[in-house]
Amino acid sequence: MRKTCLETVYELAKKDKKILFIGSDLGPGVLDNFKKKFPERFFMEGVAEQAIIGMAAGLAMQKFRPYVNTIATFITRRAFEQVVVDLCLHNLPVTLIGNGGGLVYAPLGPTHQAIEDISIMRTLPNLTILAPCDANDMKSLILQTPKVKGPIYVRIARGGEEIITSGKKSKIGKGLILKKQNKYNFITTGITAQIALSASKILKDKYNLNIGVIHFSTIKPLDKKLLKKIVSKSKKIMTIEENVIDGGFGSSILEFSSDLGVRRNNIRIFGLKNKFQNKYGNQQELLNYNNLTDEYLSKKMYKFIKND
Amino acid sequence: MTNFENASKKIKLDSRSKYLRKLVLECLFGGDRGHMGSAMSLIEILRVLYDKVLKYNSNQPLLSNRDRLILSKGHGCLALYAILSDKDFFSKKILKSSSRFYSILGGHPEFDKVPGVEASTGALGHGSPIGLGIALGAKIEKKKFHTYVIVGDGEINEGSFWEASMIASKHKLSNYHIIIDYNKIQSYGQTKNVMQLEPLKEKLSSFGYKVDQVNGHDIRQLVKYFRKIKKNKRPSALICHTIKGKGFYFAEQNPFWHHKNFFTDEEKLKLLKCLEI
């Protein structure tokens, strides 16, 4: 997914000379093709995220369109004030590409795990937040980023995720129906779409239940039109995210639903607990550890709806 | 005490410097608050930049070939408001609305509200990275304008300033100019007690700047400096030795005048008396 994302930025740069790439001491060889073709628009700076985001803001003031890439936590934690003041307050078209959204960096420990980035970034005015579920979704969305007027935060998952959006048109600001909406639905963002699809299949195979799966690759601004339709027509909804549940994606669905007067006990939110991970391993192991699995979530959905 | 500090004290303000300070007082009295000391140390720096150095058109503040000036120490904005109004970026009449609910003039400057303000600043350590990006953008497109960033001495406690310095040096940004308002007082007290900056010249040099020092209230020294820096081949840094609260003997180098609010009539008269010619 990261590779697709960066390669798509390169594709964009071929068409628009205002597109720049800025990295902060990324691994050797990153976007070498970009560097070779457009050396004057490729910047690999040091481990200086605060200054890099400010620099990107200054470049955007000069009508450039910078794409800044580094580890997600170094954007959302280290340089939070720069994101708020330099980018969001000035409403500048800088795209922040955060590697390792969620538990991707499981073996590297809590300093590298972006478990609350959705929560903190969604509080920021003017910011668009994207969390694609697969490389196909990623490519479609990145190709649309030049149309967005303000700053964007893109949350990148591990890579190699199963492609579940083939033949579907992902659009910034629009939700994607992966499995037909029903009276019971999973609402997801990022790679929890794959988990929800799998959980939905288990429920179909085991209990002949039809559970819809609606994926929101744009966390902010929410596709309120689609969400209103789902929330008002659903009997039960479960949201799933690879982020702490506090103030995260599910929270945004609850906030929206409260405006619609929907009974809160019709919606349950699933995600990470508000605690630092005390285990390492790999992303899947930590997802299992946090009960973000198809088996667990299908059981939870079954219990949630069985007495209806 | 350094020679520069002694010299800063000796400078007598001329009528233009006093006039600009009077405009700052209009903001202070109108809003009944503001960073008085921080604005007064800046007046001559801004005066020289806007009178003699910067290319701009106040009727078209966003012309692409204008020079850029970012007041990174945003809390000194009353001085910026004074000079911008003096140069007709906006009417002087609105100075007295400063910090009021309906005003465009806040306690820190905002770019989309105040004509002539290039970046919203206030949180410290942001102006130099932004200015660096603007200067880099100009270099990429071979544009001729220059970018000037005024930072406070307390402000350069921030790591982001030094990060930006390293990046500017790496890219040999000769169109990027840092001006340090070195009044040696930060919010709590003297910079040497809160966070020692010395040896500042050597620090800046080692980060790649061509460094000079002037008395920041000496018009002639400032003009002379800005005439020569455009020939530099690398980023420049100017240490301006200044007096916090310059022009008001009771406020000079007094941390209690860093920010001031609720002015009594007596205080107002006392302040105005200092500006009598």
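How many bridges join E3(A) to strand E4 (residues 95-99) of chain A? Select both strands and you will find five, with the two running parallel. Strands here, like helices, are DSSP runs numbered from the N terminus (H or I with at least four residues for helices, E with at least two for strands).

Before going on, a word on the model. It is predicted, so local features need pLDDT of at least 70 and side-chain atom pairs count only at pLDDT 80 or more, while totals for chains, interfaces and linings use all residues. Residues are numbered from 1 along each chain as its sequence is written, chains are lettered from A and ligands numbered from 1 in the order in which they are written, and side-chain values use heavy atoms, with hydrogens and water left out.

**Stop 1**

Colour by accessibility and E3(A) shows up as mostly covered, with seven of its seven residues buried; buried means under 20% relative accessible area, exposed over 50%, and partly exposed in between (1.4 Å probe, protein chains only).

Zoom out to the whole sheet: seven strands of chain A form an open, mixed sheet in the order E2-E1-E3-E4-E6-E5-E10. Two strands pair if DSSP finds at least two bridges between them. At the edges, strand E2 (42-45) and strand E10 (218-220) of chain A each pair on one side only. From one strand to the next, the twist averages 20°.

**Stop 2: the five-stranded sheet of chain A**

Next, select E7, E9, E8, E11 and E12 of chain A, which form an open sheet of five strands in the order E7-E9-E8-E11-E12, again with mixed pairing. Strand E7 (176-179) and strand E12 (267-272) of chain A stand at the edges with a single partner strand each, so one side of each has no neighbour in the sheet. Neighbouring strands are turned by 25° against each other on average, direction ignored.

Inside this sheet, four bridges join strand E8 (residues 184-188) of chain A to strand E9 (residues 212-215) of chain A, and the two run parallel. Asn185(A) is the residue opposite Gly212(A) in E9(A). Then show helix H12 (residues 294-305) of chain A, lying across E8, E11 and E12 of chain A at about 150° to E11(A).

**Stop 3: domains and cores**

Colour chain A by domain: the assignment, automatic or from a database, gives domain 1 (2-155) and domain 2 (176-305). Their C-alpha centres lie 26 Å apart. Contact (heavy atoms within 4.5 Å) takes 29 residues from domain 1 of chain A and 34 residues from domain 2 of chain A.

The largest nonpolar core has 75 residues, and Leu96(A), Phe216(A), Tyr176(B), Ile178(B) and Leu204(B) have the most contacts inside it. Such a core is a set of buried Ala, Val, Leu, Ile, Met, Phe, Trp, Tyr and Cys residues joined through side-chain atoms within 4.5 Å. Helix H3 (residues 49-61) of chain A gives the most to this core, with nine residues. Both domains of chain A contribute residues, so the core lies between them.

**Stop 4: two residues in chain B**

Select Ser72(B), in the loop between strand E2 (68-71) and helix H5 (77-86) of chain B. Ser72(B) counts as buried because its relative accessibility is 0%. Its side chain makes a polar contact with that of Glu155(B) at 2.5 Å; the term covers a pair of N or O atoms within 3.5 Å, where within protein one must be able to donate a hydrogen and the other to accept it, and residues adjacent in sequence count only if both atoms are side-chain atoms.

Finish at His241(B), in strand E6 (residues 236-241) of chain B. His241(B) is buried, at 3% relative accessible area.

Terms used
Axes are lines fitted to C-alpha atoms, for helices over the stretch in contact, and angles run from 0 to 180 degrees between N-to-C directions.
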